[in-house]
Amino acid sequence: MKKKLTSQLTIFKTSNFPKKIKKNSNKKYCVTIGIGGNIGDTKKIFDKLFLYLKSDTRFDILMTSPLLLNPPFGFLEQNHFLNGIITLKTNLAPNDFLKNMLRLEKRLGRKRSFQDAPRTLDIDIIFFDNKKINTQKLIIPHKDWANRESVIIPLKHM
């Protein structure tokens with residue numbers, strides 16, 4: 001299913017997005033990640049990420065958002081992005097969680113060339129429990145999350 005919100009914004013529903021998984025989790029931290037991509041079959045890449053997270057015992061997926069097709073920002077000479085949100089629980093500490101997400105990005109084809117470049121998969125940690133972290137490697141909550149349609153609209157639809 002797809003629904004046009006504006007001439008620039010379209011919401012998509014797939015088999016895994018949106019999804020609520022009714023599962024009691026005894027894991028310690030509730031984490032909200034934003035996912036995005038605009039190279040290759042992004043829906044298929046998101047499904048692979050979903051299945052990886054679902055099959056990894058370190059994570060319990062609680063819920064996913066519908067996907068949002070939206071224009072790029074920063075570097076504008078590229079395809080529109082597909083974005084979504086996944087809420088999950090984990091016992092991993094923030095830096096270990098970040099390392100794991102960076103490995104996943106790479107495993108699913110991410111190559112870093114320049115800021116705001118086109119990509120197969122981008123995983124941003126939007127919230128990590130109620131923690132506030134501001135280090136060189138990690139800022140939580142994600143800076144500018146409240147100003148990005150790619151985060152706000154999928155969150156609103158959860």
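**Note on the predicted model: proline bonds, aromatic cluster and nonpolar core**

1. Pro 18 is located in the loop that runs between S2 and strand S3 (19-20).

2. Pro 141 sits in the loop between strand S10 (139-140) and helix H3 (149-156). The loop between S10 and H3 also holds Asp 144. Phi of Asp 144 is near 70°, which is a positive value in a residue other than glycine. Asp 144 has a relative accessible area of 46% and is partly exposed.

3. Asp 129 likewise has a positive phi, of about 55°, although it is not a glycine. Its place is the loop between S8 and strand S9 (133-134). With a relative accessibility of 33%, Asp 129 counts as partly exposed.

4. Thr 10 belongs to strand S2 (residues 10-12). Its relative accessibility is 6%, and it therefore counts as buried. Apart from neighbours within four places in sequence, Thr 10 is in contact with Lys 2, Lys 3, Lys 4 and Leu 5, and also with Leu 67, Leu 68 and Leu 69.

5. Six aromatic pairs are found in a search of the whole structure. In one of them, the ring centres of Phe 59 and Phe 97 are 5.9 Å apart and the planes stand at 80°, so this pair is edge-to-face. Phe 59 lies in strand S5 (residues 59-64) and Phe 97 in helix H2 (residues 94-107), so the pair ties together parts that are 38 residues apart in sequence. Phe 59 counts as buried at 2% relative accessibility, and Phe 97 is buried with a relative accessible area of 0%.

6. Phe 97 also forms an edge-to-face pair with Phe 128, at 5.8 Å centre to centre and with 70° between the planes. This pair links distant parts of the chain, since Phe 97 is in helix H2 and Phe 128 is in strand S8 (residues 122-128), 31 residues apart. Both Phe 97 and Phe 128 are buried. Which residues make up the aromatic cluster that includes Phe 97? One cluster is formed by Tyr 29, Phe 59, Phe 97 and Phe 128.

7. Leaving aside neighbours within four places in sequence, Leu 92 contacts Tyr 29, Arg 58, Phe 59, Phe 97, Asn 100 and Phe 128. The C-alpha atoms of Leu 92 and Phe 59 are separated by 8.8 Å, while the two residues are 33 residues apart along the chain.

8. Helix H1 (residues 42-55) has 14 residues. From its first C-alpha to its last it reaches 20 Å, close to the 20 Å expected at 1.5 Å a residue. The buried residues of H1 are Thr 42, Ile 45, Phe 46, Leu 49, Phe 50, Tyr 52 and Leu 53. Seen down the axis of H1, these buried residues fall within an arc of 165°, so they line one face of the helix.

9. The largest nonpolar core has 31 residues. Those with the most contacts inside it are Ile 33, Ile 35, Leu 49, Leu 53, Ile 86, Phe 97 and Ile 125. At least two residues of this core come from each of strand S4 (29-37), H1, S5, strand S7 (81-90), H2 and S8. Which element supplies the largest share of this core? H1 does, with six residues.

10. Not counting residues up to four places away in sequence, Ile 125 touches Val 31, Thr 32, Ile 33, Phe 97, Leu 98, Leu 138, Ile 139, Ile 140 and His 142.

11. A final point concerns annotation. In an unreviewed entry, UniProt lists residues 33-157 as "domain: 7,8-dihydro-6-hydroxymethylpterin-pyrophosphokinase". In the model, the end C-alpha atoms of residues 33-157 lie 15 Å apart, and the span is 29% helix and 29% strand.

Terms used:
Residues numbered from 1 in each chain as written. Predicted model: local features only at pLDDT ≥ 70, side-chain atom pairs only at ≥ 80, totals over all residues. Heavy atoms only, no water. Phe/Tyr/Trp six-rings, centres within 6.5 Å; stacked < 30°, edge-to-face > 60°. Helix = DSSP H or I, 4+ residues; strand = E, 2+ residues; numbered from the N terminus. Buried < 20%, exposed > 50% of the residue type's maximum accessible area, 1.4 Å probe, protein only. UniProt positions renumbered as here; feature names shortened; annotations may be inferred. Expected span 1.5 Å × (residues − 1). Arc of directions from axis to C-beta. Contact = heavy atoms within 4.5 Å. Core = buried A, V, L, I, M, F, W, Y, C linked by side-chain atoms within 4.5 Å.
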